[in-house]
Amino acid sequence: MKVSAAAVALAFALVLANFADQSHGALKEGFYKGKCNVNVEKIVSDIITPLVGQKPWITPALLRMQFHDCFVNGCDASILLDGGSSEKTAIPNRSVRGYDVIDLVKAAIEKSCPGVVSCADVIVMATRDAVAASQGGWYKVQTGRRDGLVSLANNVDLPGSSISVENSAAIFNSKGISTEDMVHLLGGHTVGVTHCSFIKNRLYNFNNTGSTDPTMQTALAVFLKLKCPQTSTVDNTIDLDQRGRSSVIVGEPTSEIVDNSFYKQIVIRKGVLGIDQALALNKLTKDTVNKVVISSNDYFLTKFHQAMVKLGAVEVLTGTKGEIRKSCRAINKS
């Protein structure tokens, strides 16, 4: 049976059309161009950039928020939903900050372009702009996410600060993120703080030995014990990047810059969290760490940006899945 060239061309055209239908609604850069009469990304930047200048804590807060959101049911803004048993109420999320910042941005967008821009995209765009405002460089992000309809504290199962490199890598890999990208994402710890309660085991009873984690620099251990007395009930904050405020011993400035400093600290055993220090020592990750240390800061920023884009694509809702919330704190009323 002969098939005409016209029939083949028609069949090929139908395949292309079907493919186009399948890819419609997928994440892409500039998703909102032509959907609003305003520049959505500029609205976000105009709010976030000056805010970070006034409140530098916004950058680590939004970095953490995006990670906590994307690792539970994907990047669907489920962490933003209020409720007695929502993700917000889970123990790992009780110290997450920045909800009011997202509310501010969402409200501004809704005034100019109602019912179009998802809260999930607001998180990603706001985080990107916060990184840029912290000298971490601007990078293009994909948009087109939709918001989830479910938020349950029971679904929150995030890797802890003392997790092994192997187990952490397995979790990241299960989300489609490579071990190398995991190392670059944890470079976000170049800004932000942790609390004494997360490191006391390293200081006083590492692996139930009754002593300090031997991988921690001795001088750092002495300093952190002053900040985190064993019997104290005050849960003080500690800079994750020891170039920062916790390093007042040498008079260095507070770390409010997104750069490769974090890696330079962990290779001299000044990692605060167990997982951070382990990155510089474990055979799975130490080569990636050393590559960042010996390379330019621009090298790290490029790798960090690429990893953040990959994080933002984890298990997203697109097309007709989910919804575009009017308020980031509640699903739309039917």
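This is a predicted model: local features need pLDDT of at least 70, side-chain atom pairs count only at pLDDT 80 or more; totals for chains, interfaces and linings use all residues.
The protein chain contains 13 helices and four strands. Of its 334 residues, 47% are buried. Among contacts in the chain with a separation of 6 or more, 73% are between residues 24 or more positions apart. The chain exposes about 16100 Å², and carbon and sulfur atoms supply 56% of this area.

Helix H2 covers residues 40-54. With 15 residues at 1.5 Å a residue, H2 should span 21 Å, and the 22 Å between its end C-alpha atoms agrees with that value. The buried residues in H2 are Val40, Ile43, Val44, Ile47, Ile48, Leu51 and Val52. These residues line one face of the helix, because they fall within an arc of 135° when H2 is seen down its axis.

Side chains of opposite charge can pair when their charged atoms come close. In the whole structure, 12 salt bridges are found. One of them joins arginine 329 and aspartate 103, whose closest N and O atoms are 2.6 Å apart. Arginine 329 lies in the segment after helix H13 (297-311) and aspartate 103 lies in helix H4, so this pair ties together parts that are 226 residues apart in sequence. Arginine 329 is partly exposed, with a relative accessible area of 29%, and aspartate 103 is partly exposed at 25%. Through salt bridges that share partners, Asp103 and Arg329 belong to one network with Asp82 and Lys88. A further salt bridge links the side chains of aspartate 129 and arginine 128, at 2.9 Å from N to O. Both aspartate 129 and arginine 128 are buried.

On the surface, a nonpolar patch is formed by Leu149, Val150, Leu152 and Ile331, which together have about 330 Å² of accessible area. Leucine 149 is located in the loop between strand S2 (142-143) and helix H6 (165-174). With a relative accessible area of 47%, leucine 149 is partly exposed.

Conventions:
Residues are numbered from 1 along each chain as its sequence is written. Side-chain values use heavy atoms; hydrogens and water are left out. Patches are made of residues with over 30% relative accessible area and no salt bridge: like charges are joined within 9 Å, nonpolar side chains (Val, Leu, Ile, Met, Phe, Trp, Tyr) within 5 Å. Accessible areas come from the Shrake-Rupley method with a 1.4 Å probe; for residues, only the protein chains shown count as cover. A salt bridge is a side-chain nitrogen of Lys or Arg within 4 Å of a carboxyl oxygen of Asp or Glu. Helices (H or I, at least four residues) and strands (E, at least two) are DSSP runs, numbered from the N terminus. Buried means under 20% relative accessible area, exposed over 50%, partly exposed in between (1.4 Å probe, protein chains only). The expected span of a helix is 1.5 Å times one less than its number of residues. The arc is that of the directions from the helix axis to the C-beta atoms. Contact means heavy atoms within 4.5 Å.
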